[in-house]
Amino acid sequence: MKVRIQQIAPGFVQQSQSVCSDCEGQGEQIKAEDRCPECAGKKVTRDRKILEVHIDKGMKDGQKIMFTGEGDQEPGLEAGDVIIVLDEQPHETFARKGNDLVMRMNIQLVEALCGFQKIITTLDNRNLMVTSLPGQIINYGDTKLIVHEGMPIYRNPFEKGRLIIQFIVDFPEPKQLTPQRITQLEKILPDRTVEMIPDDAEEAILQEYHDNHGKNERSGGHHGHFAHMEDDDDDPRAGGPGAVQCGTQ
C-alpha cells in the first residue's frame, strides 16, 4: 500500500492510501531482469485443461462430481476444486421418479377390452413387448409395472428400478359410432342398468365443459362451490352470524 500525506490547509493534513501500482498490492516487487517471461512477475499464468467427466449409471439430478485441486492456484494458497453439478434433461417418453421410470401408454378401447401387444423402446435401445391377454380389461388410468426395467441403481448398476406404465384409453370419435355399431355393442356388452325415473323428473341437457366459467369465478374472488359454502355463513337460513335466533323464556 502507498500512503500519501497532503497538506490541505495550514495545520491540516490529509492522509490517503492506495494500492501500489508497482507490486499491485502484493508487498513484493520483482526486478525486471528477474521476471518470468510467461507470467511477467505475477507468479500465475492462465492455462487450459481438459477434464474428463465420468457419469456413472444411476446418478441423479443435482448430484455433484468433484475434481480436487483442479481449481485456481495462487502462490501460498491451497488450490481450489472444480465441482460439476449434473442437470438431468427431460425425456420425451419417460419421466424419472427415484429409481423408477414412469411413462404413459395410449391404447384404443378395443385394445383395453380385447387385449393388445405393444413395443416399448428402452433407454438402452432394447425392445420390450408388453402383452395384455384378452379378458384382462384395462381401465382408463390403470397403472401397471415391469420389474427391473427402470433406472440402474447408483453404484449397483446390475440392479434396476421399475418401469411404471400409466394407461390412457382412447375412446372412439362420435362419428365412428354408427347406429348399427351401437346396436351391435349393446348386444355384446353387459346390459345397462335400468334407472327408475320419477314422474316429476326434469330433463337436463349435457354440454361440453369449458373452464372459462371457473376462471371468471376465480377472478372475482370466488372459488366455485366452496365460495357458495362460505357465503352461507352469513345466510340467515344457514344459521350464520347474521341469522335471527329465537329468544329464550
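Student: Why is Glu 70 called partly exposed?
Tutor: This is a predicted model, and in it Glu 70 has 30% relative accessibility. Buried means under 20% and exposed means over 50%, so Glu 70, at 30%, counts as partly exposed.

Student: And what makes Lys 49 exposed?
Tutor: Lys 49 has a relative accessibility of 58%. The cut-off for exposed is over 50%, so Lys 49 counts as exposed.

Student: How do you know that Glu 70 and Lys 49 meet in a salt bridge?
Tutor: Their side chains come to 3.0 Å, N to O. The limit is within 4 Å, so the pair qualifies as a salt bridge. The two residues lie 21 residues apart, with Glu 70 in the loop between β3 and β4 and Lys 49 in the loop between β2 and β3.

Student: Why is Asp 100 called buried?
Tutor: Its relative accessible area is 13%. Buried means under 20%, so Asp 100 is buried.

Student: What makes Asp 100 and Arg 162 a salt bridge?
Tutor: The closest N and O atoms of Asp 100 and Arg 162 are 2.9 Å apart. Asp 100 is in strand β6, while Arg 162 is in the loop between β11 and β12.

Student: Is Glu 149 buried or exposed?
Tutor: Glu 149 has a relative accessible area of 16%, which is under 20%, so Glu 149 is buried.

Conventions:
Residues numbered from 1 in each chain as written. Predicted model: local features only at pLDDT ≥ 70, side-chain atom pairs only at ≥ 80, totals over all residues. Heavy atoms only, no water. Helix = DSSP H or I, 4+ residues; strand = E, 2+ residues; numbered from the N terminus. Buried < 20%, exposed > 50% of the residue type's maximum accessible area, 1.4 Å probe, protein only.
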